[in-house]
Structure formats: structure tokens, C-alpha cells
Amino acid sequence: MHFDVLTLFPEMFCGPLNESILKRAQENDRISVALHNVRDYATDKHHITDDAPYGGGGGMVMKPEPIFAAVEAALANETDVPVILLSPQGRLFTQAVAAELACYSRILLICGRYEGVDERVRQHLVTDEISIGDYVLTGGELAAMVLIDAVTRLLPGVLGDPGAAVDDSHAQGLLEGPHYTRPAVFRGWKVPEILISGNHAAVARWRREEALRRTFERRPGLLERVELTSQDQEFLARLAGAGSAEDDD
Ligand code: ADE
């Protein structure tokens with residue numbers, strides 16, 4: 001998967017791209033990332049990339065010409081590459097969107113800055129607009145890094161354990177339950193007996209129930225979109241019953 005990133009601050013990407021899994025994914029040719037500095041595509045003497053908004057008001061708006069020029073130079077004549085603007089007005093980035101993007105061989109990300117980008121970029125260049133959450137960042141760079149990270153770890157051969165991405169929180173629509181490692185007793189706090197029982201079926205059921213419990217307690221809305229077995233439904237009914245019994249006390 002190749003990522004083209006248009007930004008005014010390419011150096012912001014150095015840390016995240018040069019450590020850990022993203023670093024290894026580049027070394028192993030699972031991903032490549034080309035950082036394009038939008039300023040290099042501004043043709044005026046001072047390489048100006050922003051200007052005051054028409055109609056007045058505060059803040060600056062990113063000019064369309066350098067962004068169009070950068071995208072056209074990066075993609076040359078390649079078509080079918082999603083051109084994604086990172087902005088707080090985009091569709092919400094979720095695990096499902098990450099999985100959808102992981103199917104492409106190349107995507108281009110535009111990191112907005114200032115008050116936003118000239119609307120003609122949205123209308124005539126961008127094919128998708130993504131927000132990483134309902135809050136406003138200083139620019140799209142951190143959002144682009146989040147997107148690259150979440151997409152990369154879904155690509156074949158990126159994570160050491162091929163099952164890891166399947167069991168993730170959100171991958172199955174549920175939050176993950178608790179994990180434990182050695183020691184079996186730490187400061188008197190014991191690892192649940194079942195995890196050391198060696199009974200794989202019982203461990204699998206326990207994990208499923210803990211994932212259901214955590215989702216029920218923290219993000220109950222997610223349960224509406226998950227495929228639940230009758231065993232799952234019985235477990236949730238018991239949880240709900242236990243909760244309402246407590247409420248009655
Ligand atoms: N740029 C500023 N805020 C953002 C957000 N929440 N998501 C994506 N890009 C952004």
C-alpha cells in the first residue's frame with residue numbers, strides 16, 4: 001500500500017513513521033509513504049499557501065492552486081486513487097472505514113490547516129473526507145497519522161500474529177475483554193483461574209463473555225450492530241438482569 005501525504009509540515013510525520021510497526025512495515029515493503037510539501041507547489045516568490053477568506057472573518061484559508069498542483073504531480077495520470085481530505089467535517093473514521101481503505105493499493109491524504117481549505121478542493125479534487133473524531137485538531141497531520149497507522153496494521157504481513165487484528169477491539173464490533181500475563185499473582189491480585197485451566201473452549205467462552213460485558217458496560221450502543229448468538233443473548237440478558245437487580249437495592 002502506498003500513501004501519498006500532502007502537508008505543510010512533513011517533519012511532523014518523522015516520529016510515527018520511523019518507529020515500531022510502521023517503521024518495520026516500510027522496511028518490509030508492506031507500505032511506502034511519500035510526503036509532499038504543499039509549499040513546494042506554490043509558484044509565487046514567497047511560496048504562499050494560504051490567504052484571507054472572501055467575505056471577511058478571521059483565520060486563513062488554504063489556497064486551491066498549490067493543492068491541485070501537488071495532487072496532480074503526485075498522481076500523474078493514475079486514476080482510481082482515493083483523494084482523502086482530513087477534516088473535522090468528514091465522515092467518522094472507524095475500524096470499518098480502516099478495513100475499507102486497506103483494500104486499496106494507493107491512497108492520497110490531504111492535511112488541511114488554518115481555518116480549512118478552499119471549497120473548490122472539496123468540490124473538484126477530493127473524493128472522500130474523513131474526520132477522526134468530533135473535536136478540532138490544529139491540522140489534518142495527526143489525523144493522517146492515525147489513519148495510516150490503523151490501515152497499515154490491517155495489511156497482510158504487518159502484524160507478527162496474523163490473528164491479532166481479527167481479535168482487536170472493534171474488529172468484531174465488540175470491545176476486547178481483559179488480558180493478563182505473568183506473574184499469576186501480582187501484589188496478591190490473581191489472574192482468573194480459567195485462564196490457567198488449559199481448557200481452550202472454556203477460555204474462548206470466557207473471552208467472548210468478557211468482551212460482551214465490557215461492551216455492555218462501556219459502549220452498549222455497539223451491541224446493536226453485532227451478530228449475537230443465542231448464548232451471547234442469554235449472557236447479556238443475565239447481565240442486564242443483574243444490573244436492574246442492583247438498581248432495585
Ligand atoms: N483536522 C482538524 N480536526 C480534525 C479531525 N477531527 N479529524 C480529521 N482532521 C482534522
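Predicted model: local features only at pLDDT ≥ 70, side-chain atom pairs only at ≥ 80, totals over all residues.
Close-up 1. For Ser-87, the distance between a polar backbone atom and a nitrogen atom of the ligand is 3.2 Å. Taken alone, the ligand would expose 260 Å², of which the protein buries 97%.

**Close-up 2. The shell of residues around the ligand.** The ligand is surrounded by 13 residues, and the closest of these are Ser-87, Ile-132, Gly-133, Tyr-135 and Leu-137. By residue class, the shell comprises eight nonpolar and five polar residues, with no charged residue. Strand S5 makes the largest contribution to this shell, with three residues.

**Close-up 3. The largest nonpolar core and the elements that build it.** This core contains 29 residues, and those with the most contacts inside it are Phe-3, Phe-93, Leu-101, Leu-109, Leu-147 and Val-151. At least two core residues are supplied by each of strands S1 (2–7), S5 (83–92) and S6 (106–111), and likewise by each of helices H2 (20–27), H4 (95–101) and H6 (141–152). The largest share, seven residues, comes from H6.

**Close-up 4. The surroundings of Phe-3.** When neighbours within four places in sequence are left aside, Phe-3 is in contact with Ile-31, Ser-32, Val-33 and Ala-34, with Ile-107 and Leu-109, and with Leu-147, Ile-148, Val-151 and Thr-152.

Key: Residues numbered from 1 in each chain as written. Heavy atoms only, no water. Core = buried A, V, L, I, M, F, W, Y, C linked by side-chain atoms within 4.5 Å. Buried < 20%, exposed > 50% of the residue type's maximum accessible area, 1.4 Å probe, protein only. Helix = DSSP H or I, 4+ residues; strand = E, 2+ residues; numbered from the N terminus. Contact = heavy atoms within 4.5 Å. Near = heavy atom within 4 Å. Polar contact = N/O pair within 3.5 Å; in protein donor to acceptor, adjacent residues only side chain to side chain. Areas by Shrake-Rupley, 256 points an atom, 1.4 Å probe, with all protein chains shown as cover. Nonpolar A, V, L, I, M, F, W, Y, C, P; charged D, E, K, R; others polar.
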